[in-house]
Every structure is written in structure tokens, then in C-alpha cells.
Amino acid sequence: MLDNNQLLRFTTAGSVDDGKSTLIGRLLYDSKSIFEDQLQAIENTSKKKGHEGVDLALFTDGLKDEREQGITIDVAYRYFTTPKRKFIIADTPGHIQYTRNMVTGASTANAAIILVDARHGVIEQTKRHSFIASLLQIPHVIVCINKMDLVDYSEDAYNKVIHQFEEFSSKLLVQDIRFIPISALNGDNVVNRSKNMDWYQGAPLLHTLETMHISSDINKVDARFPVQTVLRPQSESHRDYRGYAGRVASGILRVGDDVTVMPSGFTSKIKSIDTLDKSLSEAHAPMSVSITLEDDIDISRGDMIVRSNNKPEPIQDIEVMLCWLHNNPAKPRAKYSIRHTSNEQKAMIKEVIYKINIESLDRNTEDKELTMNDISKVKIRTTKPLMVDSYRENRTTGSVILIDDATNETVAAGMIV
Amino acid sequence: MSKYYLNYLDELESEAIFILREVWAQFDNPVILFSGGKDSILVTHLAKKAFYPAKIPFPLMHVDTGHNFPETIKFRDDIIADLGVQLIVGSVQESIDEGRVAEEKGKNATRNALQITTLLDAIESNKIDCAIGGGRRDEEKARAKERFFSHRDDFGQWDPKNQRPELWNIFNGRHFEGEHFRAFPISNWTEMDVWNYIKRENIAIPSLYFAHEREVVWRQDSWIPNSEFLVLEDHEEIVTKKIRFRTLGDITITGGIESDADTLEKIADEVSGMRQTERGNRSDDKRSESAMEDRKRQGYF
């Protein structure tokens, strides 16, 4: 594996019958990421259940309950590596009651794989998955038209699905959509090019994942450095050292840059950017570093160091696309803790503007109750300003979670409009 | 501007450092669970990076079963001296002596499950609110569902069906008195990533990971090392083999593999060609299909 190989995180959403588990099993199996003892265990289970051959789908079932019920109820993470890239799969269940799991898996993904059964074409679930990919701003969407073996590998069937998909996807905000005809069961166009579909000129799925251009997906313009903690060694060698530890959220910070500390507004210059290995002249997302400034100013966790000529907006009234994650519905005008990067404040949901009907994707302005899996547009008021960017411009400084102080549970995830 | 991206090891490193700093910022009294195995050594190395130029600001904690490889204990003490951090030891022998747990009986008896009680006792008596572990999601199917910040109730138990969702890089470590968290900074690393990184950073690891001559016995499809705790069956025979260990647990349950890999390069090459998972040589995982999940629910690492 070469040193400059990148990491690609992708999500797969799908339900019991559309072949998602088989597809993942196929990717892992054909890329030789399944070990013999794992394969042996799957073979044993397949035999016990009376399945013909090896049921690759069994490989992705993790917990006891899931193995018993044959469903995926949580996000499971899978790993495989090829000579070109390391991959992390966030494998999420596709059924409507698991919308929150899909949102969770999508939040860190560079790419989404959406599976469509070639026999059934675009169905409500396809639209829902695509909507979530668009809402969470996953930069790349790959629509895999699966079970091509069951439609005689027909080009017409493939084109029909593309046509259906493009009809509704024009309304979504996805920059890059690709279509690949596959059979996960037989391996057509998954790792190896299909011999049954000469009419398809594009690359198989794995090659697409390996070569997709992802370095430009990171925001390199807006320098944002949320401070996690302050490092004060007070040792012989570093007596007066005061470093601000954090991970660059976006943009590039350089030694000598004029910076402003939000929300205080104090200004200074970057004196050094340090790591254990060496001091750097610049740092970019998503590097973890320690930054020192020329001036001694009061900075603590929750503050954000930004370039003085490009600052986020400090606001207390924010509009958010909110996904409700918890069993307990939102209480009207109840207060929650809101977390935004390393900052935490109190917040109140002041107004539900509309709720999205996740089946039809229509807006509902009548129903204002937020229950688990609901996605809605809301107005939130915070006790102190948050330094925000819009989610579309910045996935790190544009996202928040809500925590219920009574239970300490994470109850909602929000994307700032 | 195309050079502004990280390679996969740098991205994993940066993610782990971020998690370690979040733990420090969100908890009052965290510790690193240190077993002397490569994963906890890696976590400790990453913690050194996360807080440089300050020292690691929290202790290391070792749950000592008493069934150790002597090499592991020496390695542990050296690293503690080098880092200048505090070591907390939870002793399984003490738990047995105090009657908190009873020794397993029979041929495959181990102290593996007994560690749970000792670990939870040590967490409680030291008022630890977050125990940082080297668990990885690729190790085992129950671990594939583990969060970076994983909640434990006041009995130390994990409820896999009721976990807090983790979105983006926002972690919620809020907890009530008596509850604690487990944090897993290297969740997204695979065994291969760990070896490639150890090689790249030239991190010191116990000699047990390198091929060496050792007295062993063939049991449950792997080479179990001879030790004072080993009880031989009639048909079993002690032989000397050139072996190395892929994981390190108790000396009673950790099986070695025959190998000539005596450098980090050779180990990385060997691992990349492996066709068995690393825990395939751990008899504690072989007891049933959900052996790991069942132990994790109770509070295991």
C-alpha cells in the first residue's frame, strides 16, 4: 500500500431484500478482506440455516438479535483495503424506522451507495435514501441498479431506472451522481467487470470507489479552528508554553496569519503550529495540532480561532434542518443543551416551520410534533451566540446536536441552513 | 491545492488524537486501559502526541490477571517510567483473595472473565469516569457496533441496542454519578493499519510480537506457551518452536503462530498475507458465537 493512499468513508442504505448485505459481503469477499475463520463461521451458519452455498449477507450481521432476526438494526462499520485506498463502510438499515441510523452513517460519509432493485425501479425508499444523502451533503452518490441478473441484464431496464431517478433527483442537492448496473449475488460489475453487460461502458463499483476524486470535497477556504483544550506543560523545557489543541475544521492556517478569537473578538498572529514530530508552517483540515499565538489572551474550550479576514457568523437565532433521534418526542419550547464543535450552550426550539413527510418528501406545516426519525425545519434560539457557517459550506461548523439535560441522551442532530 | 489532504494513516492518527483530547476535555478522571498489547501501546503513543508538549495528563491502568507474560510486565514498567505518568493496577488475584470472584475450574479454565469484576471494581474505587481502550471495530462482530464514546450504566454494563448516536465529530460524554464511559480512539483502525503505523513510527513493542524460540503445546488449533499455569493433558507434549504472538492476552489463553518474522517489516508483510483473523488464536473468543458480545454487555474491555 502506498503512503499517499487516502481514506474513503461511504455509507450503504438498504432494506432486507434489496441485496445490500450481499453487496457488502461481495465487496469484502472479492477484495479478499474476509478471513478464513470468518468464512468458516459463515459457512457453518449457512449450512445450519439450510442455505445453498455461502450466504455472504451473514457476514454483515453483528449482534445476537440481528443474527436471530436477520436484520440490521444499528450502524455497523466494516473495513477493507485495496492497493489504492482504505475504505470504511457505514452499513445502515434502510427501513423508515431507522432514518436516524441512516442520518448517523451519512454524517461522516464521502460517498453514498444507493441500491435499487432493477425489477422494481425507483421506489419510495430510494427517494428517502437519496434525500438523506442530499440533506447530509454527501458529496458523491452512486446508484447501484442491482439484481440485473433477474432482468436478463437488460440495458432498457437499466435506462428506465436512470430515467426514473433523474426525474426526482433534479430537486436534490447532490453534486455527483453515477449509475452502475450490478448483480451483487453473481458479482457483476462489483469488483470485476461484468461479462453479461457489454453495453455498459463505465467502471465497476470498486474501481469507481478507488478512483473517485475526494480531496476537493474538503472546504479549503474558510479557516476554522475550534479549541478543544489548552495545553500548558509547565515543564523545564516548555515553561511558558500555552498551546491551543484542536483539529482544523476547514481551511488552511499558517504561521504569521492574522487571526481572531471568537466570540471574544481578540486578535493576534499565529506564532507556531506544533506536533510531537515537528513544528509546521501550515495546517489544514482535518489535522490535529497545537497552535500558539503571539499574544497572551484568554482562550478556552469552545472558542474558535479563525482568520481575521474570514469570520463565521455569531448568531443566537439559527434555522436548522433537524433530525429527531430519540424515543421521547420534543417537548414544546423545552430547553436542551446544544453542542456545536467544542462549544456548548443552552437552546430552545422556538418554532417548527415544517416537517418533511419522509414517504412523499412533501412539506407538512400542520403537524408540529417532533418524534423519532422526523426531519423538520426549525428555529432554535441559543443563550449565547454560536459561531456558525451554513452546513452546505461547512459540515463541521454547520452541524449541531441537542442533548436532553434530564437524561443526558443525544436527542437530535441539526444542519444549519 | 491538491496536496492539502492526509493519507489514511495521518487521517486515522488525527482522528484518534481528536478523540483523546475530547476525552480529556469532557471527563474529570479518565485512564488509559493498558494491557501491554500493541493496541494499548498504540493508544498510549497517540496520547503522547495528543498532549505534547505536556505529559499525558491521566494515569494508565492495568488489570493484572496474575497470568502474565513476564515480558509484558517489564515492558509496562519501562513505559511508565519513560512517560512519567501514574500506574493504577487492578489485581485479579486480590479479587479472588477477597472472594469477589471464584477461579474457573477445568482444563480450559482462564482468568479472562474474572477481569470484568476487577476492572469494574478498579473503575469504581478510583472514581474513573472514562476508561480509554484499544478496542477496534474490525476485531470482532460485536465490536463493529461500538461507539467512540460508549456509555456504561452504573453496573458497568453495555446496552448495544440503546447506544447514543454519534454524528459528525460531536461526541456526547455526559453521564450521571456512578456511570462511566469507554472511549475507543482507534475504532477505525484495522490490524494492518496498526502494524503499518507501528512500523512507520517505529514504536517499541514487547519482544513477544517478534518471532522467537519458545516452549509451546498444540491446543485448540494454536501454540499455547508453556508456563507455570499450564496443565498438560495425557496426549499433549511440549515442543520448542519458533513462534510469535499476534495478540497478547493472558499467557494461559494466548496462542502463538509459527513464524520467522523478527522485524516490524517482516511482521507487516506476514500480517498482510494472513488468512485468519488475529483473534482466531484467542480461546476466549471461541467459547460461542456471541462470546465477545456477552462479555462486553457485562463490562468487558
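This is a predicted model: local features need pLDDT of at least 70, side-chain atom pairs count only at pLDDT 80 or more; totals for chains, interfaces and linings use all residues.
**Exercise 1. Describe the make-up of chain A, and decide how its radius of gyration stands against that of a compact globule.**

Begin with the secondary structure, where chain A shows seven helices and 22 strands. Next take the overall dimensions, for which the C-alpha trace of chain A spans about 70 × 55 × 40 Å along its principal axes. As for the interior, 49% of the 417 residues of chain A count as buried. Finally, consider the contacts in chain A with a separation of 6 or more, of which 70% are accounted for by residues 24 or more positions apart.

**Exercise 2. State into which domains chain A is divided, and how far apart the C-alpha centres of domain 1 and domain 2 lie.**

The division of chain A gives domain 1 with residues 6-217, domain 2 with residues 224-307 and domain 3 with residues 313-416. Between the C-alpha centres of domain 1 and domain 2 of chain A the distance is 41 Å.

**Exercise 3. Carry out the description of Exercise 1 for chain B, and explain why chain B can be called as compact as a globular protein of its length.**

Chain B contains eight helices and 10 strands. Its radius of gyration is 19 Å, close to the 19 Å that the globule rule gives for 301 residues, so chain B is as compact as a globular protein of that length. A box of roughly 60 × 55 × 40 Å, taken along the principal axes, is filled by the C-alpha atoms of chain B. Of the 301 residues in chain B, 54% count as buried, and residues 24 or more positions apart supply 75% of the contacts in chain B with a separation of 6 or more.

**Exercise 4. Work out how many residues each chain brings to the contact between chains A and B, and which element gives the most on the side of chain B.**

The count by chain is 56 residues from chain A and 49 residues from chain B. On the side of chain B that touches chain A, the elements giving two or more residues are helix H1 (8-26) and helix H2 (38-51) of chain B. Of these, H1(B) gives the most, with nine residues. Sorted by class, this side of chain B holds 22 nonpolar, 12 polar and 15 charged residues.

**Exercise 5. Identify the residues of the largest nonpolar core that touch the most other members, and follow one of them to its contacts.**

The largest nonpolar core has 174 residues, and those touching the most other members are Ala112(A), Cys144(A), Phe225(A) and Ile32(B). The element that gives the most to this core is H1(B), with nine residues. Taking Ala112(A) as the example, and not counting residues up to four places away in sequence, one finds that Ala112(A) touches Phe10(A), Thr11(A), Ala106(A), Ala133(A), Ile138(A) and Val141(A).

**Exercise 6. Is Arg247(A) buried or exposed, and with which residues is Arg247(A) in contact once its neighbours within four places in sequence are left aside?**

Locate the residue to begin with: Arg247(A) belongs to strand E8 (residues 243-247) of chain A. A residue counts as buried when 20 or more other C-beta atoms lie within 10 Å of its own, and because Arg247(A) has 24 C-beta neighbours inside 10 Å, Arg247(A) counts as buried. Leaving aside neighbours within four places in sequence, the contacts of Arg247(A) are Pro286(A), Met287(A), Ser288(A), Ser14(B) and Phe18(B). One of these, Pro286(A), lies in the loop between strand E13 (282-284) and strand E14 (288-293) of chain A, and a cis peptide bond with omega about -5° joins Ala285(A) to Pro286(A).

**Exercise 7. Examine the backbone of chain B at Pro53(B), Lys127(B) and Asp221(B).**

As background, most residues other than glycine have a negative phi, and most peptide bonds are trans. Tyr52(B) and Pro53(B) are joined by a cis peptide bond, with omega about 5°, and Pro53(B) sits in the loop between H2 and strand E2 (60-64) of chain B. Lys127(B), in the loop between helix H5 (115-125) and strand E4 (130-132) of chain B, has a positive phi of about 55°. Asp221(B), in the loop between strand E7 (212-219) and strand E8 (222-225) of chain B, has a positive phi near 65°. Lys127(B) is exposed, with 11 other C-beta atoms within 10 Å, and Asp221(B) is exposed with 12.

Terms used. Residues are numbered from 1 along each chain as its sequence is written. Chains are lettered from A and ligands numbered from 1 in the order in which they are written. Helices (H or I, at least four residues) and strands (E, at least two) are DSSP runs, numbered from the N terminus. The radius of gyration is taken over C-alpha atoms; the globule rule is 2.2 Å times the number of residues to the power 0.38. Two residues are in contact if their C-beta atoms, placed from the backbone, lie within 7 Å. Ala, Val, Leu, Ile, Met, Phe, Trp, Tyr, Cys and Pro count as nonpolar, Asp, Glu, Lys and Arg as charged, and the others, Gly among them, as polar. A nonpolar core is a set of buried Ala, Val, Leu, Ile, Met, Phe, Trp, Tyr and Cys residues joined through C-beta atoms within 7 Å. Domain bounds come from an automatic or database domain assignment.
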